[in-house]
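Biologist: I'm new to this one. Please put it up and walk me through it.

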Amino acid sequence: MQPSSQVDAIPAPSMTIEQAIANLKQTEDPSARYYAAWWLGRFRVRENAAIAALIDALSDDRDRSPDGGYPLRRNAAKALGKLGDDRAVSPLIDSLSCHDYYVRESAAQALEELGDARAIRPLVKLLEGGVEAAVFVPGKPHLVQPYDSVLEALGTLHATDALSDIQPFLDHPVPRVQYAASRALYQLTGDTQYGDRLVRALRERDLQLRRAALMDLGAIGYLDAAEAVSETHAENSLKLIALKGILEKNLDTDAPHLDSAIVEVMQYMDRLL
Amino acid sequence: MPVEALIAEIDRADSAASLLAAVRTLAAARDPAAIPTLIRVLGFNNPGAAVAAVGGLVGIGKPAVVPLLEQLDSYNYGARAWAIRALSEIRDPRALEILVGAASDFALSVRRGAAKGLGSLHWTDLPECDRPVSQQKALDTLLPTTRDPEWVVRYAAIVGLETLGSNLTAELSDRLETIATCFESLEREDDELAVRARASLARGRVTRLLQ
């Protein structure tokens, strides 16, 4: 998952909901459609007409990038993930077999957000062939499947039946994929060895890897990582987001009980402000 | 090495790593002559170097306050956020006005640093007669900041208010109740669980002072 809260200033909505839906439905101006799809997700427009138009956009054939991708489909999938409507689940599952890698990636992320267990089997199917098959596409900056997004989704969707499919990816040569596997396995088993792998990743030399590990630790709320998170070399804003995730995962929503471990997390946060 | 040579190292640095090393060495010297250079580093868009430079400025302390106030970069919010952070950590009350302004900056990292800093100034550095009006000003800025649209700024405002509440001058001791009431409503109403939790912690601490 990308850390979206890094953005310091947020643009104000510059169009109405009706306009955005109309822009998405028309087919003359692809860039207006592309922007409208993003806008509907960004401003969480949960209206039926918006959902229907976004689902429609998942099978758009007009907007093509030079490499044959489907920019509008990618944005529509991302938006549907944010809107939380079950009707999008089955069209998004269909998008997992789109030949555009980035559509598959957006669909996997959206299915994770929607939290519907129907997505588990189709997601596991993308892991077929295991680590041996999980190689880079020649000439592209990505692997044959969006493994990190798929693994993260399986963790969030409580796919305990998929443990043996996920396990081998701990040894994938790409660190980001290893982290996604650790994250999912921690969510599925609660075993600290997986959380500790992510803590070790906070000492990687590469800032991008430390950032990825930060976001993963925040997502799983691994309490033992709080101190290491506060000390890793990365932006305070990202460390604060990760600590917020840890804090919230360990709080009872109804009656937040502040035990000493929780207070300690807040003390780390205080120092980073 | 004399400080001039350490400064020259910074201008000679040709990689992120050599810059970081040079800034760390200069920062460790704790020499006021390094102040303008350390402030310049805040604008390099290099977080590692900026952290080291802030550390150096905080270590130098009071002599860095006026240069920081004078050279605050209003066009580069990255640099501004670091400078506000340095001022917040030095805690010199001469930064009060700048921090009040920074609490409504458009950049959230600036507002976050200002909110925390406003609460933790060294009030005892001020002549006794000036303390109530200065603390009141910080209070008047921090209370509305607890309604900032960004969770992290609200969180920082709570931390700032908690510190301010524990250091209120006798004339303002009745404001502690206002602060506690503010925490109570955040604890009940804020959209973010983390903010509610921090408000709850702060309310507990401030209420103990009331008894």
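Biologist: Is A:Arg44 buried or exposed, or something in between?

Modeller: A:Arg44 is partly exposed, because its relative accessible area is 42%. Buried means under 20% relative accessible area, exposed means over 50%, and partly exposed is in between, with a 1.4 Å probe and protein chains only.

Biologist: What should I know about the model and the numbering before we go on?

Modeller: This is a predicted model: local features need pLDDT of at least 70, side-chain atom pairs count only at pLDDT 80 or more, and totals for chains, interfaces and linings use all residues. Residues are numbered from 1 along each chain as its sequence is written, chains are lettered from A and ligands numbered from 1 in the order in which they are written, and side-chain values use heavy atoms, with hydrogens and water left out.

Biologist: Back to A:Arg44. Where is it?

Modeller: In the loop between helix 2 (30-42) and helix 3 (48-57) of chain A. Helices are DSSP runs (H or I, at least four residues), numbered from the N terminus.

Biologist: What about the phi of A:Arg44?

Modeller: It is near 50°, a positive value in a residue other than glycine. Most residues other than glycine have a negative phi. A:His158 also has a positive phi, about 55°, and is not a glycine.

Biologist: Where does A:His158 sit?

Modeller: In the loop between helix 9 and helix 10 (163-166) of chain A. A:His158 counts as exposed because its relative accessibility is 61%.

Biologist: Where is A:Lys78?

Modeller: In helix 4 (residues 71-83) of chain A. A:Lys78 is partly exposed, because its relative accessibility is 36%.

Biologist: New topic. How many salt bridges are there over all chains?

Modeller: 31. A salt bridge here is a side-chain nitrogen of Lys or Arg within 4 Å of a carboxyl oxygen of Asp or Glu. One of them pairs A:Arg183 with A:Glu152, at 3.6 Å from N to O. A:Arg183 lies in helix 11 (residues 175-189) and A:Glu152 in helix 9 (residues 147-156) of chain A, so the pair ties together parts that are 31 residues apart in sequence.

Biologist: Are those two buried or exposed?

Modeller: Buried. A:Arg183 counts as buried because its relative accessibility is 2%. A:Glu152 is buried too, with a relative accessible area of 3%.

Biologist: Which salt bridge can you show me in chain B?

Modeller: B:Asp92 with B:Lys62, at 2.7 Å from N to O. This pair links distant parts of the chain, 30 residues apart. B:Asp92 is in the loop between helix 6 (77-90) and helix 7 (96-102), and B:Lys62 is in the loop between helix 4 (47-60) and helix 5 (65-70), of chain B. B:Asp92 counts as buried because its relative accessibility is 4%. At 42%, B:Lys62 counts as partly exposed.

Biologist: What about the pair A:Lys244 and A:Glu248?

Modeller: They form a salt bridge, with the closest N and O atoms 3.6 Å apart. Both lie in helix 15 (residues 236-249) of chain A, four residues apart, about one turn of the helix.

Biologist: Over to B:Ser200. What does it touch?

Modeller: A:Leu258 and B:Glu187, not counting residues up to four places away in sequence. Contact means heavy atoms within 4.5 Å. B:Ser200 is found in helix 12 of chain B. B:Ser200 is buried, with a relative accessible area of 13%.

Biologist: And where is B:Arg203?

Modeller: In helix 12 (residues 193-210) of chain B. B:Arg203 touches B:Ala180, B:Phe183, B:Glu184 and B:Glu187, again leaving out residues up to four places away. B:Arg203 counts as partly exposed, because its relative accessibility is 26%.

Biologist: Last one. Is A:Ala107 buried or exposed?

Modeller: A:Ala107 is buried, with a relative accessible area of 0%. A:Ala107 is in helix 6 (residues 101-114) of chain A. Beyond its neighbours within four places in sequence, A:Ala107 is in contact with A:Ala77, A:Leu92, A:Ser95 and A:Leu96.

Notes:
Helix = DSSP H or I, 4+ residues; strand = E, 2+ residues; numbered from the N terminus.
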